[in-house]
Amino acid sequence: MSKQWMAAVSILLVTASSALAQEVKVGIILPYTGVGAENGQQMDRGMEQYLKLNADQIKPYTITLIKRDSKVPNGAESKIAAQELFTQDKVDVLAGWVYSPDAIASASVVSAAKKLAVIMNAGTSFITNLSPYFVRVSFTLWHSSYAMGEAAAKTLHAKTAVVAYSDYPPGKDSLDAFKYAFEHNGGKVLDAIPAGGPTAVPDFTPFFQRAKDEHPDVLFVFVPAGDFAVAVVKTYTALGMKDAGIKLIGPGDIVQDNKLQGMGDAAIGLITMHHYNADLDNPENKRFVAAWKQAYGPDSTPDFTSVGAYDGLAAIVHAVQATKGKMDDGDAAVKSLLGWKFDSPRGPIMIDPETRDIVMNEYLDEVVKGADGKLHEKVLETIPNVKDECKALAIGPCAPK
Ligand code: PHB
């Protein structure tokens, strides 16, 4: 081949590869059927809104989402999906995971692929320790439940609590975090009641009756949002626990925004701790909620799962820009996100460079009825820049081995 030909061929190759580098393939693993399907839809819409509202940030790249259904939250489908997305679809980055068992089961696949993997929901603290390629933009139950334990003792002046929790990793975290903070601030957890798992909504009556008989000041509940949350409020009301003087509290998972209106007036007075509610008064959230209602109808609303997905794409787009589209270098992609800051609809967020977990505000919220006759979340207190306390304190499953 002549020198001129060789030069022409190499120019063609460079042009072709930079054209290919413009498309970033993102594998998405979410529940699109079964118990978590509504969360899957809420998160799809969160991603859709990110792409729409931030088109300028993405240029000159294009983001292609390749979606897989994680189905039952037991890890099996999610692991297969992760393998197929990497080996067959050749994705540059993986994201999603509503349920902790799905993220936990996918960790070894992520490590083997050496590509960035962004956790958009799953909230068990230790998950990010399972692979150096995990970065979490959602939350851990230690963020919310530790802060709620402190607030229950200091702000609500509760002396005694009973904890009921979905019996799987994030539920155990929620119990440990609440108990640690509540008891370090003078409270006493009288009982901890495992209340079913994440695969089906149980009848909470026997668990809550046991709690009622123990007469605590507060009943602290963790369930994985969705229809679980609606059943919690229904059972609490049906058993007359409010009238018996027992306050229902928990992480914000028990008042997911898209389920709030369906809970009815029984939800008024509920106190929760979380990093997001759709009523948050900041410019990013106003823009996000307005675009959402325009796209999906005035009665629809984003919730914390939607914001996790929105912020997850923001993180991925940051990594794409920072690495100039070279997402095949997973180490560089992860590195670009250490210390990354973003103005999210939930308020300012940052990725902790040491833990790859999120740092964000927690809000102590009360459910109130607005002048429009609808239920809203009123922020009682803001706790700024909260870290995952399990890792910050190096306790429980986060203690050095
Ligand atoms: C989880 O499985 O980690 C999980 C799912 C739903 C939630 C919170 C945590 O609302």
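Strand β11 (residues 341–344) and strand β12 (residues 347–351) run antiparallel and are joined by four bridges. Strands here are DSSP runs of E with at least two residues, helices are runs of H or I with at least four residues, and both are numbered from the N terminus. Two strands are said to pair if DSSP finds at least two bridges between them. The structure is a predicted model, in which local features need pLDDT of at least 70 and side-chain atom pairs count only at pLDDT 80 or more, while totals for chains, interfaces and linings use all residues. Residues are numbered from 1 along each chain as its sequence is written, and side-chain values use heavy atoms, with hydrogens and water left out.

Which residues of β11 form its covered face, and which its uncovered one? Phe342 and Ser344 form the covered face, whereas Lys341 and Asp343 form the uncovered face. Ser344 belongs to strand β11, and it is buried, with a relative accessible area of 1%. The term buried means under 20% relative accessible area, exposed means over 50%, and partly exposed lies in between (1.4 Å probe, protein chains only). Apart from neighbours within four places in sequence, Ser344 is in contact (heavy atoms within 4.5 Å) with Asn282, Glu284, Val307, Asp311 and Ile349.

Val93 is located in strand β3 (residues 93–96). This residue is buried, and its relative accessible area is 0%. If residues up to four places away in sequence are not counted, Val93 touches Val24, Lys25, Val26, Gly27, Leu116, Ile316 and Met327. Val93 and Phe222 are 129 residues apart along the chain, and their C-alpha atoms are separated by 31 Å.

**The disulfide**

A disulfide is a covalent bond between the sulfur atoms of two cysteines. In this model it is identified as a pair of cysteine sulfur atoms within 2.5 Å. The structure holds one disulfide, which joins Cys390 to Cys398 with an S to S distance of 2.1 Å. The torsion about the S-S bond of Cys390 and Cys398 is about 105°, and the disulfide is therefore right-handed. Cys390 is buried at a relative accessible area of 0%, and Cys398 also counts as buried, at 12% relative accessibility.

**The ligand and its surroundings**

How many residues surround the ligand? There are 14, and the closest are Tyr99, Ser100, Gly123, Tyr168 and Asp253.

| Residue | Polar atom of the residue | Distance to an oxygen atom of the ligand |
|---|---|---|
| Ser100 | side-chain atom | 2.5 Å |
| Gly123 | backbone atom | 2.8 Å |
| Tyr168 | side-chain atom | 2.7 Å |

The ligand on its own has 290 Å² of accessible area, and the protein covers 99% of it. Accessible areas come from the Shrake-Rupley method with a 1.4 Å probe; for residues, only the protein chains shown count as cover.

**Backbone features in loops**

Lys59 and Pro60 are joined by a cis peptide bond, with omega about 5°. Pro60 is found in the loop between α3 (55–58) and β2 (62–69).

His215 is a residue other than glycine with a positive phi, near 50°. The position of His215 is in the loop between α8 (205–213) and β8 (218–222). Is His215 buried or exposed? At 64% relative accessibility, His215 counts as exposed.

Ala225, which is not a glycine, has a positive phi of about 55°. This residue lies in the loop between β8 and α9 (226–238), and Ala225 counts as buried at 3% relative accessibility.

Terms used
A residue is near a molecule or strand if one of its heavy atoms lies within 4 Å of it. A polar contact is a pair of N or O atoms within 3.5 Å; within protein, one must be able to donate a hydrogen and the other to accept it, and residues adjacent in sequence count only if both atoms are side-chain atoms.
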